[in-house]
Amino acid sequence: MAIIKTNIYAPVDGLTVAAAYSEIEEKGKSTTAALSDNKEEMVAFATYAIGSVTLGYGQSYESLGNRSSGVGTVEAYENTMWGVSFSVNDNLTISYGEFESEKDMNASASVNVTMETEGLGISYNLGGATVKLHTGEVKNANYDSASGNTDEVTAIELSLAF
């Protein structure tokens, strides 16, 4: 059985605030089983647009329902994200954002690892053509905290509408 609750509010012009919660009941759970708790997910975010600038911030949490004390068992993921975009004019938009995700381990012998990403995007639209440039970096990809584990990407995209 799943329980889902969602609330979205727009208390003032340009501001949107939302929150959602879900719980998935684990069938046949017991206090000694590896999956002894229900799975839970929670998310909340807010965006605010004023003029040509839009700001956003959000947090989410996912509990996997694990109770196993074995090394390497993931208990939950805690995520924080924020971003800002700026419309320079009708054709050009620039945006930047960051995302941080912590993998929380169940056993005290395990180390929690935080994956961090950041990215910059530029989009230019002219008639039926759009050119997009994105550059980003991720640290501790796949929650691997090995020394020097940083990946970078740069992508250019061209879209044509006929």
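The chain contains zero helices and nine strands, where helices (H or I, at least four residues) and strands (E, at least two) are DSSP runs numbered from the N terminus. From the N terminus on, the order of elements is β-β-β-β-β-β-β-β-β. The structure is a predicted model, in which local features need pLDDT of at least 70 and side-chain atom pairs count only at pLDDT 80 or more, while totals for chains, interfaces and linings use all residues. Residues are numbered from 1 along each chain as its sequence is written, and side-chain values use heavy atoms, with hydrogens and water left out.

Of the 162 residues in the chain, 20% are buried; buried denotes under 20% relative accessible area, exposed over 50%, and partly exposed the range in between (1.4 Å probe, protein chains only). The chain exposes about 10600 Å², of which carbon and sulfur atoms supply 55%. Accessible areas come from the Shrake-Rupley method with a 1.4 Å probe, and for residues only the protein chains shown count as cover. Contacts, defined by heavy atoms within 4.5 Å, were also sorted by sequence separation: among those between residues at least 6 apart in sequence, 38% join residues at least 24 apart.

Strand pairing was assigned where DSSP finds at least two bridges between two strands. Strands β5 and β6 run antiparallel and are joined by 13 bridges. These two strands form a hairpin, with four residues between them. Within this pairing, tryptophan 82 stands opposite glutamate 98 in β6. On pairing with strand β7 (residues 113-126), β6 is again antiparallel, over 12 bridges. Here lysine 103 stands opposite valine 113 in β7.

A search of the whole structure for aromatic pairs returns two. Rings of Phe, Tyr and Trp (its six-membered ring) pair if their centres lie within 6.5 Å; planes under 30 degrees apart count as stacked, over 60 as edge-to-face and the rest as tilted. Tyrosine 77 and tyrosine 143 form a tilted pair, with 5.4 Å centre to centre and 50° between the planes. This pair links distant parts of the chain, since tyrosine 77 is in strand β5 (residues 74-87) and tyrosine 143 is in the loop between β8 (129-139) and β9 (150-160), 66 residues apart. Both tyrosine 77 and tyrosine 143 are buried. The ring centres of tryptophan 82 and tyrosine 96 lie 5.5 Å apart with the planes at 55°, so this pair is tilted. Tryptophan 82 belongs to strand β5 and tyrosine 96 to strand β6 (residues 92-105), so the pair ties together parts 14 residues apart in sequence. Tryptophan 82 is partly exposed at a relative accessible area of 36%, and tyrosine 96 is partly exposed at 25%.

With residues up to four places away in sequence not counted, alanine 141 touches Met115, Asn149 and Asp151.

Asparagine 140 lies in the loop between β8 and β9 and is buried, with a relative accessible area of 18%. Apart from neighbours within four places in sequence, asparagine 140 is in contact with Val113, Thr114, Met115, Ser145 and Asn149. The phi of asparagine 140 is near 60°, a positive value in a residue other than glycine. Asparagine 142, also not a glycine, has a positive phi of about 55°. Asparagine 142 is placed in the loop between β8 and β9 and counts as exposed at 69% relative accessibility.

Serine 85 lies in strand β5 and counts as partly exposed at 22% relative accessibility. The C-alpha to C-alpha distance between serine 85 and threonine 54 is 5.3 Å, while the two are 31 residues apart in sequence. Leaving out residues up to four places away in sequence, serine 85 touches Ser52, Val53, Thr54, Ile94 and Ser95.
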